[in-house]
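Please look through the sequence and the model below, and then follow the explanation step by step.

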Amino acid sequence: MRRFFKVLLALALIGLIACLTAIGLYLHANRQAQREFAALRLEADAPEEPAVAIPTNTPNQARACPEAPVAQKPTQAGEALGTEAGEKQSFPAMEPEAIAALAQRNPDLAGWVSIADTLVDLPVMHTPQDPERYLYRNFEKRDSKSGTPFLAAACSLEPRSRNLVVYGHNMRDGTMFAAIGAYRDEAFVTAHPAVRFDTRAGGGVYEVFALIAIDASDADALDLIRWTDPVPEMSAGDFLNRLAARSLIKTQVQPGEDDEFLTLVTCEYTHADGRLAVFARRPVEGKDTA
C-alpha cells in the first residue's frame, strides 16, 4: 500500500511538472511574440539616416529596448481627445512611409493598430483569399500561438469599407487584444478613449463609443461584428441603433451615420463561444456629426 501511494505521488509530481512546463512555454512564446512586434515598431520608427552618437542628456535615449516585454511608449503625438483630467492623450502613430517599408518585408501588411499605453501596438494583416492565414502565424509567417491581428476578408482599404473589422487573440497573459476586455471598466474607457489605426493611405484616431459581448450563436449580434458596409438589411443607422441597444458602456461620443468605423474583435470567455468587440468612430472630413 505504501508503495502504491509513492507511485501515485510520483505520478502527481510528474503531472505537476508537466503542467508548469507547459504554462512556462506558453508564457514564453507569448512574450516572445510581443517582443517581436515591439521590434517591428522600433524598426519602423528608426530614421533612415546612419546612426550617430547621441549625447547622454538627450531625451531620445529613453526609447524602450526591443527586448522589453511591455508596450512601447508612444513615439508620436496623435489627435488630442482629452481625458477626465483634461489632459491630452498621445497615440503612437505609424507613418505611411514606415508601413510601406514594413510591407516590403511582408506585402500582407494592411496597417498598424494601437491603443495608447497598452500592449495593443500591433501590425494588422489582410489576406482576403485566405482570411485566417495569420490566426496562428506571426509577421514573418512562422507558427505562433499568438498569431497576428488581421482585417476581415470582407473589408477593403481602397476603396475604404465604412467599418474596418480587425480580429486578434485574447491571450490570458494580457498580450495581443486582451486589453479590449478592460473597456468594461468605466475608468479604463476614460483613460483610453480612442484607438489609432494607420495604413499606407494614412491613418487617424477613432473614438470608442460601444462595447458588446456576445455568443457567436447569436446571429443578430454576430451581424453587428461582421458589418462592413451599409446594405439593405442593415443601414448605417440600423447598425448604430442596434449597437446602442446592446452596448455595455456609455460614452459622450455621438457617432453619425456618415462616420467611418473601426471594430476590434477578440474572444470572450464568459460565453461558450464568446466574442468581445469594441467599436470606435471617426468623422469623415467635412461631415463631423459629433
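Which residues of helix 2 (residues 96-105) are buried? In this predicted model, the buried residues of helix 2 are Ala 98, Ile 99, Leu 102 and Ala 103, and because they cover an arc of only 140° around the axis, they lie on the same side of the helix. On the other side of helix 2, Glu 97 and Gln 104 are exposed. An α-helix has 3.6 residues a turn, so residues three or four places apart point the same way.

From the helix we can turn to the core. In soluble globular proteins, nonpolar side chains tend to be buried together. Here the largest nonpolar core has 62 residues, and those with the most contacts inside it are Val 113, Tyr 183, Phe 239, Leu 264 and Phe 279. Strand 6 (residues 202-215) gives the most to this core, contributing 7 residues. Leaving aside residues up to four places away in sequence, Val 113 touches Val 120, Asp 121, Leu 122, Val 124, Phe 177, Val 195, Arg 196, Phe 197 and Leu 264.

The next stop is strand 7 (residues 260-268), which is mostly covered, since 8 of its 9 residues are buried. Strand 7 runs parallel to strand 4 (residues 163-167), to which 5 bridges join it, and Leu 164 stands opposite Leu 262 in strand 7. With strand 8 (residues 274-282), in contrast, strand 7 runs antiparallel and is joined by 9 bridges, with Glu 260 standing opposite Arg 282 in strand 8. A hairpin of 5 residues links strand 7 to strand 8.

Terms used. Residues are numbered from 1 along each chain as its sequence is written. This is a predicted model: local features need pLDDT of at least 70, side-chain atom pairs count only at pLDDT 80 or more; totals for chains, interfaces and linings use all residues. Side-chain values use heavy atoms; hydrogens and water are left out. A nonpolar core is a set of buried Ala, Val, Leu, Ile, Met, Phe, Trp, Tyr and Cys residues joined through side-chain atoms within 4.5 Å. Buried means under 20% relative accessible area, exposed over 50%, partly exposed in between (1.4 Å probe, protein chains only). Helices (H or I, at least four residues) and strands (E, at least two) are DSSP runs, numbered from the N terminus. Contact means heavy atoms within 4.5 Å. The arc is that of the directions from the helix axis to the C-beta atoms. Two strands pair if DSSP finds at least two bridges between them.
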